[in-house]
Amino acid sequence: MQTLVIVESPAKAKTIEKYLGKGYVVKASVGHIRDLPKSNKNAIDIQAGFVPNYEIVQKKQEIIKELSSFAKKSDKVLLATDRDREGEAIAWHLVEALKLPKEKTKRIAFNEITKDAVQEAIKHPREIDQNLRKAQEARRVLDRLVGYDLSGLIWKKVRYGLSAGRVQSPALRILMEREREIRAFIPEAYWVLTANVVSHDYTFSLTCTEEPKEEAEANRIVAVAKEGSWFVKDIKETEQKRAPRPPFTTSTLQQTASTRLGFSPSKTMAVAQKLYEAGHITYMRTDSLTLSEAALGMLSSVIEKNFGKSFIEITKYKTKSKNAQEAHEAIRPTNPVKIRAGSTDEQKRLYNLIWMRTVASQMKSAQLAKTKILANIAGETIPDFAVRGSRVVYDGWLKADPAARGEDVELPQVHKGDSLTLTSIESEGKYTTPPNRYTEAGLVKELEKSGIGRPSTYASIMKNLADRGYVEKQGKTLIPTDTGDVVSSFLEKYFKDYISNSFTADMENELDEIANGTREYVATLKNFYTTFSEEVKSKENIEKLTNLGPVPKEFTCPKCQAPMEYKLGRGGKFMSCTKYPECDGARTNSGDIVEPDKPLGIYPETGEEIFVLNGRFGPYVQVGDPKKAKEKGKKEKPRRASLPKDKDPSEVTLEEALTYLTLPRVLGVHPVTNEPITASVGRFGPYIVHQKDFRSLKKDDVYTITLERALEILAEEKKTRKGRFAKK
Ligand SMILES: [Zn+2]
């Protein structure tokens, strides 16, 4: 009797194998084995009911073969992928791709990779949950269709190569709305007044409780204050309770790891994944605040042992999300007795954060004493001045999470009615500041609040925005780029509803309903896509967005002095002459003059000039002036060559350009076929080709590779796209 257990990652396989012992073989699929084809609308058969045409993920053929042979040798197959929709989908793809017989295949799921949890799960195998699986499929199909259609439109109407997405675009809009607030912000002046006083040989400072907006008023207060006799008007003491925070969900973990550890959301998820796979924490994609009864029991004894019995206060937090049943628990240590866990520094720090938060969540509230001293002058003809202090009376949960404690602010021992001696008073003029830009943590919080995205998607939304060049990260701050601005403005103008918070949140809820089994897949997609595709079609004839508005008047065309307008280029916004294409004068976004393309030198073979230019697929060198070629209406394509990947176009020398222009190079003829072998550089890098047999060059230099070496490479077995060995 042998049981095959399939999980998605080798690390998880290793941990599980320890717990199962004899009779079990644990293997990893290493993520998804099937997916939609890379970029192709036919990936989905809309007519047939939004049926995805999955294909085997590149390089997975070997793994499938291996898993298949293990499955054949086993009496039972258990699919133990992660417990969420993604995991359910991977399990289903395994059944389909490996053609696993229904009678010997079962699904098991657990929330933590511990001996008890794994053995318990083995006792309760079930069928694949088709609702969860369908919900994952619906998201994938929806995102593909929306991304494909919207991006296609943006390519035509804004600029080639841009992208838009169902969830990514609302996130970008949120950033842009804040950016516009910042741009429209008008700073206002205000004055901060500080009085330094002495009482019983003790010096301290008080701040005016009002911040005058007029300098004259600030000056009046200062003048009156200097003449007045100061006294302690009142002392107010308040007790304040600070309750612990609930245990971590995905979003609060990402936020706290960002502020406390400086981790980006994707880094937090990657590190958490490692901790989960090693059995240290429960599943990290969750929006549940619940802790299991067993966990609460363990936490009680951990608190008693580490801090004392009196600190325990068991709290059951209510989960806000309507659909938290897929992952039953908050993120917590699987064994809180372990204060430290993890094999790298990052893992240790994240584990410590999770440990503190979980333990603190089951401890008593802290008690703080807050004191406010109010002072004024006799007659009270100026606003009160105040100083605040605070002190922890009882630390409660802060004992487990000292970083949340903050410093005590001690106040001088004064009494109501005491007189004070003013030593000096300062008036400082300030300006109000615009709202802050979002940090990654702040955006995750905003997305969760608006119901956009789910625990499994926050990190990828952040990553997408950066990868697309729509935001730049400065420290933790997200700054939308010009390109992000243009794309968002375009979508806000033409697809306002589709990128609104409510629409996106409703769609997420519908996906949740598919997962619950209360909503139907085809009807949901049809309902959405029918109107959406009509909406996209109706925009076919809108004008191409070429003009992004006039530039400040001080900038005129450097060639003809005509007014200029903003346009979107490859590197962002730039200023372009309004007479374009008759005049091609241009300036950068900051107004610097863009030099017209100067030739690098002469191409000896034809006597034409050589230029460095920028194209769809990156910078290249060209023989012959591009404008002259256009004027002549030359049919013949000019000679061109791509720059090597890391080459800065502004640093290309004539010598280098001539080297690049040696491509494509004919190395010689193949001794068997008598057909030429050529070396060149394409979109995907340097390669050699013989009779349509393309081989990319990894170590060899495309400019110097010899015929001999090329024959060697061509003689090697070729891995085809599907990972199979090609027939010779
Ligand atoms: Zn001009």
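Visitor: In this protein, what share of the contacts with a separation of 6 or more comes from residues 24 or more positions apart?

Guide: Two residues are in contact if their C-beta atoms, placed from the backbone, lie within 7 Å, and in this protein residues 24 or more positions apart account for 63% of the contacts with a separation of 6 or more. The model is predicted, so to speak of local features pLDDT of at least 70 is needed and side-chain atom pairs count only at pLDDT 80 or more, whereas totals for chains, interfaces and linings use all residues. Residues are numbered from 1 along each chain as its sequence is written.

Visitor: How many helices and strands does the protein have, and what percentage of its residues is buried?

Guide: Helices (H or I, at least four residues) and strands (E, at least two) are DSSP runs, numbered from the N terminus; the protein has 19 helices and 27 strands. A residue is buried if 20 or more other C-beta atoms lie within 10 Å of its own, exposed if 12 or fewer, and partly exposed in between, and buried residues make up 35% of the 728 residues here. Along the principal axes, the C-alpha atoms fill a box of roughly 105 × 85 × 50 Å.

Visitor: Into which domains is the protein divided?

Guide: The bounds come from an automatic or database domain assignment, which gives domain 1 (3-128), domain 2 (138-182 + 444-537), domain 3 (189-243 + 372-431), domain 4 (250-360), domain 5 (601-660) and domain 6 (665-715). Taken over C-alpha atoms, the centres of domain 3 and domain 6 are separated by 79 Å.

Visitor: In what order do the 4 strands of the open sheet lie, and which strands stand at the edges?

Guide: Two strands pair if DSSP finds at least two bridges between them, and here the order is E2-E1-E7-E8, with parallel pairing. Strand E2 (24-28) and strand E8 (105-107) stand at the edges, each having a single partner strand, so one side of each is left without a neighbour in the sheet. Within the sheet, E1 (residues 3-7) pairs with E7 (residues 76-79) in the parallel sense over 4 bridges, and leucine 4 has valine 77 in E7 as its bridge partner.

Visitor: At what angle do helix H8 and helix H9 pack?

Guide: Axes are lines fitted to C-alpha atoms over the stretch in contact, with angles from 0 to 180 degrees between N-to-C directions. H8 (residues 250-261) and H9 (residues 265-277) pack at about 110 degrees, with their axes 9 Å apart, and they are therefore roughly perpendicular to each other (the class for 65 to 115 degrees). Leu253, Gln254 and Ala257 in H8 meet Pro265, Thr268 and Ala272 in H9.

Visitor: Where are lysine 59 and glutamate 380 placed, and what is the phi of each?

Guide: Neither is a glycine, yet lysine 59 has a positive phi of about 75 degrees and glutamate 380 has a positive phi near 50 degrees. Lysine 59 lies in the loop between strand E6 (55-56) and helix H2 (61-73) and is exposed, with 12 other C-beta atoms within 10 Å. Glutamate 380 lies in the loop between strand E12 (366-377) and strand E13 (385-394) and is exposed too, with 11 such atoms within 10 Å.

Visitor: Which residues does a cis peptide bond join?

Guide: Leucine 663 and proline 664 are joined by a cis peptide bond with omega about -10 degrees, and proline 664 sits in the loop between helix H18 (654-660) and strand E24 (665-669).

Technical notes. Angles under 35 degrees count as roughly parallel, over 145 as roughly antiparallel, 65 to 115 as roughly perpendicular and the rest as oblique.
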